[in-house]
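The report below describes the overall form of a protein chain and then turns to selected residues.

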Amino acid sequence: MKLWGGRFTKKTNKLVENFNESLSFDHRFYKQDIRGSIAHVTMLAKQNILSADERDRIIEELKSIEEDIEKGNLRFDDGSEDIHSFVEAHLIERIGDTGKKLHTGRSRNDQVALDMKLYIRDEIDTFKELLYELLSEVLHIMEDNRSTYMPGFTHLQKAQPTTLAHHFGAYFEMFLRDYDRLVSTRKRMNLSPLGSGAFAGTTYELDRDYVADLLDFDTATRNSMDSVSDRDYLLELLSDLSIISMHLSRLSEEIIIWNTDEYRFVEMDDTYSTGSSIMPQKKNPDIAELIRGKTGRVYGSLISLLTAMKGLPLAYNKDMQEDKEMSFDAIDTVKSLIKLMSGMLSSMKFNHSRMEASAKGGFTNATDAADYLVKKNVAFRDAHEIVGRLVLYGIEHNKALDDFTLEEFKNISEVFDKDIYEAISLKTCVEKRNTKGAPGLEAINKEIEASKRILESLK
């Protein structure tokens with residue numbers, strides 16, 4: 001069934017029908033379409049545009065259609081143009097002319113805008129749950145690794161020693177910002193477009209605020225033209241998902257590096273690894289690599305929708321149908337990425353001794369040696385120069401700073417004394433370094449406790 005056709009004298013070309021249809025992908029928000037229709041006819045009856053009996057018959061049959069879809073008794077293969085015509089056609093088939101009154105005071109333009117908002121709002125709620133689970137897993141790693149020493153990096157070069165807890169604390173902050181962005185997006189989009197009609201409203205005395213309340217929106221939109229042509233909330237969601245993917249990809253990249261034989265910081269669980277068809281010794285971090293790879297796919301959805309929208313005049317244009325497939329793909333992809341990362345982290349084992357040994361190498365305590373000199377009244381720039389010479393000497397003689405004799409220290413600068421060994425010890429470097437106004441380990445513990453409180457507040 002088509003929702004239009006009175007002014008046409010020829011059948012639509014079959015190729016055009018296939019090109020124009022959207023049921024093959026927009027059927028996924030049948031629940032939202034039916035929920036919106038129930039709210040719409042409830043309002044029409046309240047406004048005496050429909051009778052109470054007509055309202056009840058329509059609502060009863062809409063619920064029956066939803067039940068039949070869920071039981072598999074009703075399939076999306078009847079040639080309908082989209083989910084809206086699919087539901088309405090089956091409604092009319094079941095209750096006759098009363099079903100034809102469903103669309104009173106409504107256009108597909110404001111109907112699809114409503115359905116998409118309801119669907120995206122539900123998906124955001126799902127993403128919040130998934131991110132909560134991921135944040136919980138990250139926090140669990142932080143709690144278990146408060147004093148797990150490891151090297152920190154800049155430019156992929158060993159920089160200073162830190163702890164695994166502090167390292168994962170950075171990802172906790174990233175994923176927390178992702179959560180907050182979704183909350184903000186949901187709040188901004190929570191305005192009901194229903195009642196905007198095709199773009200200029202309707203002559204029926206609709207109660208738009210009543211419908212908004214029925215559907216748990218904050219209120220109705222103000223401008224009807226913007227209501228049917230706005231896709232900003234989708235662009236915001238795709239931006240949010242792109243940033244989430246980017247964060248997941250960064251963590252995946254580190255896991256991939258840490259999993260190499262050269263690092264051996266982590267051991268991937270067999271359930272999140274794959275093998276090689278030719279090299280029997282291989283245990284590949286394919287899931288982390290795919291998370292990294294699929295991030296570009298999510299970016300593509302954002303760029304595609306931005307491109308589709310960039311030249312559209314007001315109000316609705318058919319180009320906007322392109323918003324669905326790319327959004328659905330990004331949503332499905334990122335849900336999988338978050339779930340996989342949570343599972344991968346929960347099953348991954350950390351090689352604490354290997355991490356600590358690596359933290360002791362690579363002159364990660366060089367900055368602390370310079371700070372030692374500064375505390376002995378050496379100007380920092382001079383201290384930087386002195387420690388640079390120490391590092392060069394260590395490279396030439398294949399020695400870590402910890403292994404220098406006091407004489408070797410003094411050959412570079414007489415300022416060094418036997419207390420240098422305490423100053424550059426791993427324990428001192430990590431646990432006494434000041435971050436956020438407190439010594440390192442104390443600051444990490446405070447960070448963990450703050451993260452626990454934040455996570456608790458998100459429940």
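Accessible areas come from the Shrake-Rupley method with a 1.4 Å probe, and for residues only the protein chains shown count as cover. On that basis, the accessible surface of the protein chain comes to about 22,700 Å², of which 50% belongs to carbon and sulfur atoms. This is a predicted model, in which local features need pLDDT of at least 70 and side-chain atom pairs count only at pLDDT 80 or more, whereas totals for chains, interfaces and linings use all residues. Residues are numbered from 1 along each chain as its sequence is written, and side-chain values use heavy atoms, with hydrogens and water left out.

The protein chain contains 19 helices and eight strands, assigned as DSSP runs (helices H or I, at least four residues; strands E, at least two) and numbered from the N terminus. Its radius of gyration, taken over C-alpha atoms with a globule rule of 2.2 Å times the number of residues to the power 0.38, is 30 Å, well over the 23 Å that the rule gives for 459 residues, so the chain is more spread out than a compact globule. Along the principal axes, the C-alpha atoms fill a box of roughly 100 × 50 × 40 Å.

Two residues illustrate burial, where buried means under 20% relative accessible area, exposed over 50% and partly exposed in between (1.4 Å probe, protein chains only).

| Residue | Helix | Relative accessible area |
|---|---|---|
| His-40 | H3 (residues 30-46) | 2% |
| Met-225 | H9 (residues 224-229) | 30% |

His-40 is therefore buried, and, leaving aside residues up to four places away in sequence, His-40 touches Leu-102, Thr-104, Gly-105, Arg-106 and Leu-194, a contact being heavy atoms within 4.5 Å.
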